[in-house]
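I opened this notebook to keep track of what I looked up, one entry at a time. I begin with the chain as a whole and then turn to pairs of helices and to aromatic rings.

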Amino acid sequence: MVEQNWFRFDFALATKLADYLGKERKYLKCREIFDDIVNQGLIPNESTFHILIVAYLSSSGSSCIEEACGVYNQMIHLGGYKPRLSLHNSLFKVLVAKPGGSCKQHLKQAEFVFHNLTTHGLKIHYDIYGGLIWLHSYQDVIDKERIESLRAEMKSLGIEESAEMLVSVLRACAKEGDFEEAERTWKLILSSNNKPPTQAFLYLMEVYSRIGKPMKSLEIFRSLQKRGPPNVVSYYKIVELLCKAQETELAESLMVEFVESGMKPLTRSFIDMIHMYYNLSLHDKVESTFMRCMEKCRPNQTVYSLYLDSLVLTDKLDRAEEIFNQMHADEAIGVDAKSCNTILSGYLASANYAKAEKIYDFMREKKYETESPLKEKVEYILSLKHKQVETSLSTKLSKEQREILIGLLLGGLRVELDEKKKKSCAVNFVFRENLKIHSFLKRHIYNQFHEWLASKLMDNDDENIPYQFTTVSHTYFKFFADQFCPQGQPVIPKLIHRWLTPRVLAYWYMYGGYRTSSGDILLKLRFGNEDVLRITKSLKANSLNCRVKKKGTVFWVGFLGSDAAEFWKLTEPFILADLKEFLEAGIESSNGSSKTSNVNLSSDDDSPPN
């Protein structure tokens with residue numbers, strides 16, 4: 001019997017379908033068909049490349065920028081196409097859309113876009129030059145020659161440098177300590193703008209600090225003060241520079257001035273002061289500064305860790321143990337690998353091997369990395385006790401981690417499929433920079449899932465933890481993807497009634513919830529009608545009465561008046577201590593009715609209600 005071909009790939013049909021899905025912004029389905037075309041050994045039409053890139057750029061998905069760049073590169077290398085000027089500009093605009101620190105990895109791609117604009121003879125707008133210099137100024141290693149060549153090219157084209165671009169040049173000078181270029185740039189800024197931006201003063205202060213002239217940095221700070229009251233950032237910078245120069249009296253004087261100004265937060269400058277005292281071995285001042293910081297600021301892990309280092313170094317082990325236990329007990333502070341290694345080194349140095357063994361076991365349980373010399377010493381001690389150390393622990397999600405994930409998924413978190421390993425998924429934790437609650441929550445989540453993260457920070461300072469981080473790809477996360485996002489569409493699992501524990505509800509509230517000014521509680525749900533019905537039934541089955549309103553593309557589950565109080569009573573034990581004042585439900589009014597007159601869910605956007 002002759003084998004028949006039952007299927008023949010229809011390129012024209014696939015192209016029409018991909019283009020339609022892309023125009024509808026369904027980029028996942030569009031990409032699926034796009035890949036099918038490529039896998040057939042065919043090259044997609046130019047329109048398909050263009051539409052898919054635009055679909056990615058129009059989405060807020062965490063990996064959409066990278067995917068858009070990949071398709072853009074394929075469009076040129078694989079297809080040999082010449083994208084339109086508007087596409088080049090749109091992609092470049094997205095590459096420089098976020099704050100500099102989070103955009104600096106896009107430099108190579110931005111340079112490629114610039115190269116294509118030049119190669120194809122397209123008009124290069126001023127914003128392209130400005131954006132490229134801006135990206136270069138945020139790199140760890142500054143390419144001075146490239147910045148100079150871009151500026152020379154602008155000059156030859158008759159394009160004037162704006163104050164913003166000159167500030168970028170000054171930022172690069174500050175990183176390099178290029179005093180001569182900094183002075184030339186500063187003069188240009190003064191001639192182009194009667195009132196230079198504050199950032200320009202700060203970068204000039206940095207330049208003088210780099211060449212060993214902290215007094216000149218202080219002089220510039222004082223000149224900045226004459227323009228008007230300095231802001232928090234300017235105090236941060238001058239205290240930081242004076243501490244680096246170990247100008248103790250001046251740093252102390254500026255710190256007193258900063259505290260008396262009433263401006264907050266002060267934590268960053270207290271950290272700089274403690275660092276300076278620690279490096280100068282002024283441990284009494286480390287302690288007194290720590291105590292002042294606790295009076296003026298919220299508890300901070302970095303502050304506690306520095307104080308812990310000082311206590312261990314000066315053999316004050318009882319106090320060190322007390323501080324470590326405080327850190328461990330308070331979720332707003334928490335312990336990390338660094339603090340555990342510090343207390344472990346103290347126990348080993350004092351020959352308190354029983355406590356060293358307990359800390360070592362705790363670190364292995366939490367998957368914290370033990371410093372090599374400490375690990376060797378602990379394992380040698382254990383070997384003398386004929387105690388075998390397991391070389392590895394099975395990595396699996398704890399019950400607490402599973403419940404946290406479910407709560408975050410209800411609040412809008414998404415699990416992403418690994419395209420290379422179809423049976424594995426990764427969790428992309430995304431926090432909103434404009435939400436104060438998220439700024440506290442991100443560090444807690446970072447610590448809770450540290451052993452699963454794809455990349456880890458050497459210093460877990462709050463400021464260093466990004467607002468977006470990703471786990472490694474693993475089969476454990478595939479379960480959550482199958483439950484909450486099968487076939488790429490968000491759904492509420494049928495078993496949700498079994499999973500709505502108080503901790504799940506608490507993390508849903510912290511990640512995707514909102515407390516109104518009247519004290520009512522609203523939880524965000526970005527799911528379909530049937531899914532919302534399923535979860536409200538589950539809530540009511542748990543004696544949690546709620547109301548649902550749709551606002552734009554988002555549903556809000558509301559707990560009003562006494563129902564909000566019941567919800568708070570249930571979840572309060574699992575709410576982070578630092579967040580309770582922002583999230584605690586209001587008190588029911590004396591007549592028994594809840595104050596809901598200002599809860600407005602009638603508009604069409606998906607922002608929290610007023």
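This is a predicted model: local features need pLDDT of at least 70, side-chain atom pairs count only at pLDDT 80 or more; totals for chains, interfaces and linings use all residues.

**Entry 1: the whole chain.** Before counting anything I wrote down that a residue is called buried when its relative accessible area is under 20%. I then looked up the secondary structure, and the protein chain turned out to hold 30 helices and seven strands. Taken along the principal axes, the box filled by the C-alpha atoms of the protein chain is roughly 90 × 70 × 70 Å. Among contacts in the protein chain between residues at least 6 apart in sequence, I read that 65% join residues at least 24 apart.

**Entry 2: helices α1 and α2.** I reminded myself that two packed helices are described by the angle between their axes and the distance between the axes. For helix α1 (residues 11–23) and helix α2 (residues 27–39), I found that the axes come within 8 Å and cross at roughly 155 degrees. Because angles over 145 degrees count as roughly antiparallel, α1 is roughly antiparallel to α2. I recorded the crossing of α1 and α2 as left-handed. On the α1 side the contact is made by F11, A14, T15, L17, A18, L21 and G22, and on the α2 side by K29, C30, I33 and I37. Sorting the residues of this contact of α1 with α2 by class, I got eight nonpolar, two polar and one charged.

**Entry 3: helices α12 and α13.** Next I looked at helix α12 (residues 198–210) and helix α13 (residues 214–226), whose axes come within 7 Å and cross at roughly 165 degrees. That angle makes α12 roughly antiparallel to α13. Which hand does the crossing of α12 and α13 have? I noted that α12 passes α13 in a right-handed crossing. From α12 the contact draws on T198, F201, L202, L204, M205, Y208 and S209, while α13 brings P214, K216, S217, I220, F221, S223 and L224. The residues of the contact of α12 with α13 fall into nine nonpolar, four polar and one charged.

**Entry 4: helices α17 and α18.** The axes of α17 and α18 come within 10 Å, and I read their crossing angle as roughly 150 degrees. This makes α17 roughly antiparallel to α18, and α17 passes α18 in a left-handed crossing. I listed H283, V286, E287, F290, C293 and M294 of α17 in the contact, together with V303, Y304, Y307, S310 and L313 of α18. By class, I counted eight nonpolar, two polar and one charged residues in the contact of α17 with α18.

**Entry 5: aromatic rings.** I ended with the aromatic pairs, of which the count comes to 27. How far apart are the centres of the rings of F290 and Y307? The centres lie 4.1 Å apart with the ring planes at 20 degrees, so the pair is stacked. F290 belongs to helix α17 (residues 283–296) and Y307 to helix α18 (residues 301–313), and the pair, 17 residues apart, links distant parts of the chain. I checked burial as well, and both F290 and Y307 are buried. Lastly, I noted one aromatic cluster, formed by F429, F431, Y446, F449, F469 and Y511.

Conventions:
Residues are numbered from 1 along each chain as its sequence is written. Side-chain values use heavy atoms; hydrogens and water are left out. Axes are lines fitted to C-alpha atoms, for helices over the stretch in contact, and angles run from 0 to 180 degrees between N-to-C directions. Helices (H or I, at least four residues) and strands (E, at least two) are DSSP runs, numbered from the N terminus. Angles under 35 degrees count as roughly parallel, over 145 as roughly antiparallel, 65 to 115 as roughly perpendicular and the rest as oblique. A crossing is left-handed if the near helix is turned anticlockwise from the far one by less than a right angle, and right-handed if clockwise. Contact means heavy atoms within 4.5 Å. Ala, Val, Leu, Ile, Met, Phe, Trp, Tyr, Cys and Pro count as nonpolar, Asp, Glu, Lys and Arg as charged, and the others, Gly among them, as polar. Rings of Phe, Tyr and Trp (its six-membered ring) pair if their centres lie within 6.5 Å; planes under 30 degrees apart count as stacked, over 60 as edge-to-face and the rest as tilted. Buried means under 20% relative accessible area, exposed over 50%, partly exposed in between (1.4 Å probe, protein chains only).
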